[in-house]
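Subject: Structure handover and notes

Dear colleague,

I am handing over the structure below, together with some notes on what was found in it. Please read the notes with the structure open beside them.

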Amino acid sequence: MRFNGINTDLISIPTGIPQGSPLSPILYILYNSDLLDIPKEEKQLGLGYIDDILYGVQNKTAMGNARELKRLLDRSEQWRQRHGAQFEKSKYVLIHFTRNSAIKMEATVTIDGTRIQPSTEAKYLGVIFDQKLKFHTHVKRVIAKATKYALAIAGIAKSRWGPKFKYLRRLFTAVAAPRIDYVAIIWHRPKDTQTAPTTSQLRSFSAVQGRIMRAITGCFRTTALTAMEHETGLLSP
């Protein structure tokens, strides 16, 4: 171990697996399997990725949701005690999904002395879910992130001393684009007319990608997006 410029002697670690080992996700699947099997009924949901666990239920009222979630969490507490695990209750998030504004959504869940108040938004695995599942907040967050990438690329794409075009293009496709369209299958659904209009999403992303393409190519600000897409070989959003 190296700390403050000093190297210690070798330290033997007889148990566990190395940090970042590819075995970790597989072992977590085995370890969490019983925890994810707690929801058994048809309108119950259990999801998990490593140590991020999600329970979902479907009822006609928020109070019904709260009662059912309470039962699931009580059973998860029993699992925790049997396995000697620790849950960070301060990170628990409760959200009631509905598009009916007449439904009261103040129902809370209390587990092991901790009361969980309902939230208007919840983030799970990098996606922000709002109560109406319109994903407005998530799209705004992605647009802000894309704008940050556009400014960063423009800062290094100088015509006199900046990198070559192929490297700037690779920077966008390898670094920026995957983070911009991360799990777009969740928040961008053109065939689902119940969600936010996808045309407004595409306009926002096209504007940001236009800034990036202008930085990469050095085109004028008035250059059409389609022309820059053809020149760069980049797909439109």
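Is the crossing of α6 and α7 left-handed or right-handed? The crossing of these two helices is left-handed, a term used where the near helix is turned anticlockwise from the far one by less than a right angle, with clockwise giving right-handed.

Before going further, please note that this is a predicted model, in which local features need pLDDT of at least 70 and side-chain atom pairs count only at pLDDT 80 or more, while totals for chains, interfaces and linings use all residues. Residues are numbered from 1 along each chain as its sequence is written, and side-chain values use heavy atoms, with hydrogens and water left out.

Helix α6 covers residues 198–217 and helix α7 covers residues 225–232, and the two pack at an angle of about 50 degrees with their axes 10 Å apart. (Axes are lines fitted to C-alpha atoms, for helices over the stretch in contact, and angles run from 0 to 180 degrees between N-to-C directions.) That angle makes α6 oblique to α7, since angles under 35 degrees count as roughly parallel, over 145 as roughly antiparallel, 65 to 115 as roughly perpendicular and the rest as oblique. On the α6 side, S206, G210, M213, R214 and T217 meet L225, M228, E229 and T232 of α7, where contact means heavy atoms within 4.5 Å. By class, this contact of α6 with α7 has three nonpolar, four polar and two charged residues.

Turning to the protein chain, there are seven helices and eight strands, taken as DSSP runs numbered from the N terminus (H or I over at least four residues for helices, E over at least two for strands). The radius of gyration, taken over C-alpha atoms, is 24 Å, well over the 18 Å that the globule rule (2.2 Å times the number of residues to the power 0.38) gives for 237 residues, so the chain is more spread out than a compact globule. Along its principal axes the C-alpha trace spans about 65 × 65 × 30 Å. Buried residues (under 20% relative accessible area, with exposed over 50% and partly exposed in between, for a 1.4 Å probe and protein chains only) make up 31% of the 237 residues.

Two loop residues may deserve a look. I50, in the loop between β3 (44–49) and β4 (52–57), has a positive phi of about 55 degrees although it is not a glycine, and I50 is partly exposed at a relative accessible area of 25%. L125, in the loop between β7 (121–124) and β8 (127–130), likewise has a positive phi of about 55 degrees without being a glycine, and L125 is partly exposed at 34%.

Kind regards

Terms used. Ala, Val, Leu, Ile, Met, Phe, Trp, Tyr, Cys and Pro count as nonpolar, Asp, Glu, Lys and Arg as charged, and the others, Gly among them, as polar.
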